[in-house]
Amino acid sequence: MSAQLIDGKSIAESLQSEIAAKVEARVAAGHRAPALATLLVGDDPASHVYVRNKRNACVRTGIRSVPLQFGADISQQQLLAEIDRLNADPDIDGILVQLPLPAQIDTTTVIERIRPDKDVDGFHPYNLGRLAQRLPVLRPCTPYGVIEMLKRSGESFYGRRAVVVGASNHVGRPMALELLLAGATATICHRFTRDLADEVARAEIVVAAVGKPGFIRGHWIAPGATVIDIGINRLDNGSLCGDVEFDVARERAAWITPVPGGVGPMTVSMLMQNTLTAAATR
Ligand code: GUN
């Protein structure tokens with residue numbers, strides 16, 4: 001069997017068209033366009049690409065993009081002052097601080113400074129707590145995108161065994177909370193998990209969020225499983241690959257996401273969705 005590819009790019013494009021129609025309807029009803037401020041610190045090339053993709057999606061959906069760029073030597077106090085200014089600005093709905101940040105800045109302090117109702121990344125403890133209590137408002141974009149992509153592909157979740165590999169605060173943990181919310185039996189595996197291969201082999205839905213190329217071996221995948229690869233790793237030859245040993249896994253899985261073109265575009269669409277939600281609920 002060769003798995004069907006889940007075309008995240010085309011699902012993300014449909015979603016952006018739907019968001020654009022909703023934004024247009026809001027504007028036609030007399031509201032101003034939703035506005036997203038992006039804060040980019042330093043000159044990490046990948047961060048520049050990610051922020052450019054987010055700004056392009058703003059253009060496609062009719063969201064006003066407010067790009068702010070700072071040198072790598074900005075102090076934490078200066079960055080927090082920028083966030084305070086945007087928190088207080090009634091014309092800004094969403095604030096996104098692109099990660100990673102330089103070493104002199106404490107990421108947790110920055111995330112917790114953003115007003116929870118403008119936290120369109122969904123990283124603030126308030127928003128993660130809402131998700132944990134089954135009362136989500138602004139949801140972490142990548143896990144939210146995985147669920148949306150699977151729902152739109154006709155995947156069912158109730159009672160299904162889902163295994164998330166990777167327990168990061170921004171991806172793995174909220175991914176397991178999203179799967180739980182959707183009705184799956186969710187397990188999180190991490191660096192201390194014994195018998196990772198056995199855990200993965202029991203899964204009907206596998207979500208890889210490790211950040212190591214080919215870490216999830218293809219022969220671990222149960223026949224007929226759905227495989228979601230969140231990893232985006234750049235190889236020495238410049239090409240991108242995921243966390244799953246794709247060529248082997250695709251011969252066993254029923255559904256699998258490619259890298260690139262799988263989860264990545266969904267993350268950007270969910271950011272647009274969160275910005276619209278933030279504008280509509282203020
Ligand atoms: N860096 C890599 N992914 C992300 C993301 O989803 N949000 C932010 N703010 N920074 C990131």
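Okay, some housekeeping. The model is predicted, so local features need pLDDT of at least 70 and side-chain atom pairs count only at pLDDT 80 or more, while totals for chains, interfaces and linings use all residues. Residues are numbered from 1 along each chain as its sequence is written, and side-chain values use heavy atoms, with hydrogens and water left out.

Let's start with the sheet. Two strands count as paired if DSSP finds at least two bridges between them. As a reminder, strands of a sheet pair through backbone hydrogen bonds, either parallel or antiparallel.

Here we have an open sheet of six strands, in the order 1-11-8-7-5-6, and the pairing is parallel. Touching, or contact, means heavy atoms within 4.5 Å.

Now look at strand 8, residues 226-229. On one side, two bridges join strand 8 to strand 11 (residues 255-256), and the two run parallel. Thr-226 stands opposite Trp-255 there, and Val-227 stands opposite Ile-256. Four bridges join strand 8 to strand 7, again running parallel, with Ala-208 opposite Asp-229.

In a regular strand, side chains alternate between the two faces of the sheet. Which way do the residues of strand 8 point? Thr-226 and Ile-228 go one way, Val-227 and Asp-229 go the other way, and all are buried. Buried is under 20% relative accessible area, exposed is over 50%, and partly exposed is in between, using a 1.4 Å probe and protein chains only.

Next, the helices. The axes of helix 6 (residues 141-152) and helix 10 (residues 263-280) come within 8 Å and cross at roughly 105°. That makes helix 6 roughly perpendicular to helix 10; the classes are under 35 degrees for roughly parallel, over 145 for roughly antiparallel, 65 to 115 for roughly perpendicular, and oblique for the rest. The residues that meet include Tyr-144 and Met-149 in helix 6, and Met-266 and Leu-271 in helix 10. By class, this contact has eight nonpolar residues, five polar and one charged. Nonpolar covers Ala, Val, Leu, Ile, Met, Phe, Trp, Tyr, Cys and Pro; charged covers Asp, Glu, Lys and Arg; the others, Gly among them, are polar.

Helix 6 also meets helix 1, residues 8-28: their axes come within 10 Å and cross at roughly 95°. So helix 1 is roughly perpendicular to helix 6. Gly-8, Ile-11, Leu-15 and Glu-18 of helix 1 make that contact with Glu-148, Met-149 and Arg-152 of helix 6. That gives three nonpolar, one polar and three charged residues. And Glu-18, Glu-148 and Arg-152 are linked in a network of salt bridges.

Which brings me to my last topic. A salt bridge is a side-chain nitrogen of Lys or Arg within 4 Å of a carboxyl oxygen of Asp or Glu. How many does the structure hold? The number is 13.

Take Arg-113 and Asp-84, with their closest N and O atoms 2.8 Å apart. Arg-113 lies in helix 4 (residues 107-113) and Asp-84 in helix 3 (residues 76-88), so the pair ties together parts 29 residues apart in sequence. Arg-113 is partly exposed, at 35% relative accessibility, and Asp-84 is partly exposed too, at 33%.

Then there's Glu-178 with Arg-139, also with closest N and O atoms 2.8 Å apart. Glu-178 sits in helix 7 and Arg-139 in the loop between helix 5 (125-132) and helix 6, so this pair ties together parts 39 residues apart. Are these two buried or exposed? Both are buried.

How values were computed
Axes are lines fitted to C-alpha atoms, for helices over the stretch in contact, and angles run from 0 to 180 degrees between N-to-C directions.
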